[in-house]
Amino acid sequence: MAVTDTLLAYVNGDYVPRDQACVPLTDRGLLFGDSVYEVIPAYGGRPFRVTHHLDRLDRSLAAIRMHNPLARDAWGAMFDHLTAQLPGQDQSVYLQVTRGDYPVRRQAIPAQVKPNVFAFNALLPQRSPAVAERGIAAITLDDIRWHRCDIKATTLLANVLARAQATEEGADEAILVRDGQVLEGTASNLFIVSNGLLITPPDSPELLPGVTRDLVLELARDGGIPYAQAAIGVAELDSADEIWVTSSTREVTAVVTLNGRPVGNGSPGELWRRMDALFQACKERLRLGGDCHDD
Ligand code: PLP
């Protein structure tokens, strides 16, 4: 039996076996993708940068004209309850807030509708040092997503299709390009290193402000690594000395081939090595009960 089979999920205030957790057929999250989500890693069972994730959840909800249905301490109690099922383990908590269930299928937002809130946790696979050292392959693709990618919405079909194309082409991630500007990956933010400068595209409605990206910027600031938030064109990406993607599940991962050509010398670069060490040290401090640039 898989570990997940025995875990309870949270659904609207109750903890129920995962395989019995459900929302109604007419939930607007299912019918229209009318919902937002977060994925929060918990290292050693301790949720990571919770305030950052819940702040972003508030921004996503406000952007889709919803209020957060739960208070901060209720979210905190839920995370504690879920993560206690895998004590001391590295795991992730997925949460989703949908507009709610409404019996009539109509796009207009109903005046009276109660959000559905659900969440579940799962083990985070341990990162193998060999895989981290090897880096990943990426391709570039046209960004066909909408113009509010700063909202962490569950409408991810364009991301799913881009990722499928990456897989077909033997790559692990697709880096999305709009109007000649490189924005982010299908499920990750993007950094390049160019002449010793670490660069990530600036906040805009075209990309998700990643919690991991913010941490990388904080670690760069504290570590004296020169960095900038600036637009990145396709030519700059092609000639970058290093390319990284970041996310709550990928952490800081080096891209070693882009569209089949090596990035730099084709292996993770020196600055990646430095940033990864800072990031891993941060995780370890959290695991040991300390603080990791949190909140
Ligand atoms: N950009 C997109 C489109 C994502 O889906 C994600 C994460 O899922 C990220 C960036 C990285 O965000 P975070 O670091 O908060 O996980």
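Student: How many disulfides does the structure hold?

Tutor: This is a predicted model, where local features need pLDDT of at least 70, side-chain atom pairs count only at pLDDT 80 or more, and totals for chains, interfaces and linings use all residues. Residues are numbered from 1 along each chain as its sequence is written, and side-chain values use heavy atoms, with hydrogens and water left out. A disulfide is a pair of cysteine sulfur atoms within 2.5 Å. The number of disulfides in this structure is zero.

Student: Is Cys149 buried or exposed?

Tutor: Buried means under 20% relative accessible area, exposed over 50%, and partly exposed in between (1.4 Å probe, protein chains only). Cys22, at 58%, is exposed. Cys149 has a relative accessible area of 6%, so Cys149 is buried.

Student: And Arg28, buried or exposed?

Tutor: Arg28 lies in helix 1 (residues 28-32); helices (H or I, at least four residues) and strands (E, at least two) are DSSP runs, numbered from the N terminus. Beyond its neighbours within four places in sequence, Arg28 is in contact (heavy atoms within 4.5 Å) with residues including Asp34, Arg99 and Pro110. Its relative accessibility is 4%, so Arg28 counts as buried.

Student: How far apart are the end C-alpha atoms of helix 5?

Tutor: Nice one to work out! The expected span of a helix is 1.5 Å times one less than its number of residues. Helix 5 (residues 157-168) has 12 residues and so should span 16 Å; this agrees with the distance between its end C-alpha atoms, 16 Å.

Student: What do the buried residues of helix 5 pack against?

Tutor: Those buried residues are Ala158, Asn159, Ala162 and Ala166. The buried residues pack against strand 7 (136-142) and strand 8 (173-178).

Student: What is the bridge partner of Val11 in strand 6?

Tutor: Strand 1 (residues 8-11) pairs with strand 6 (residues 116-123) in the antiparallel sense, over two bridges. In strand 6, the partner of Val11 is Phe118.

Note on methods: Pairing = 2+ DSSP bridges.
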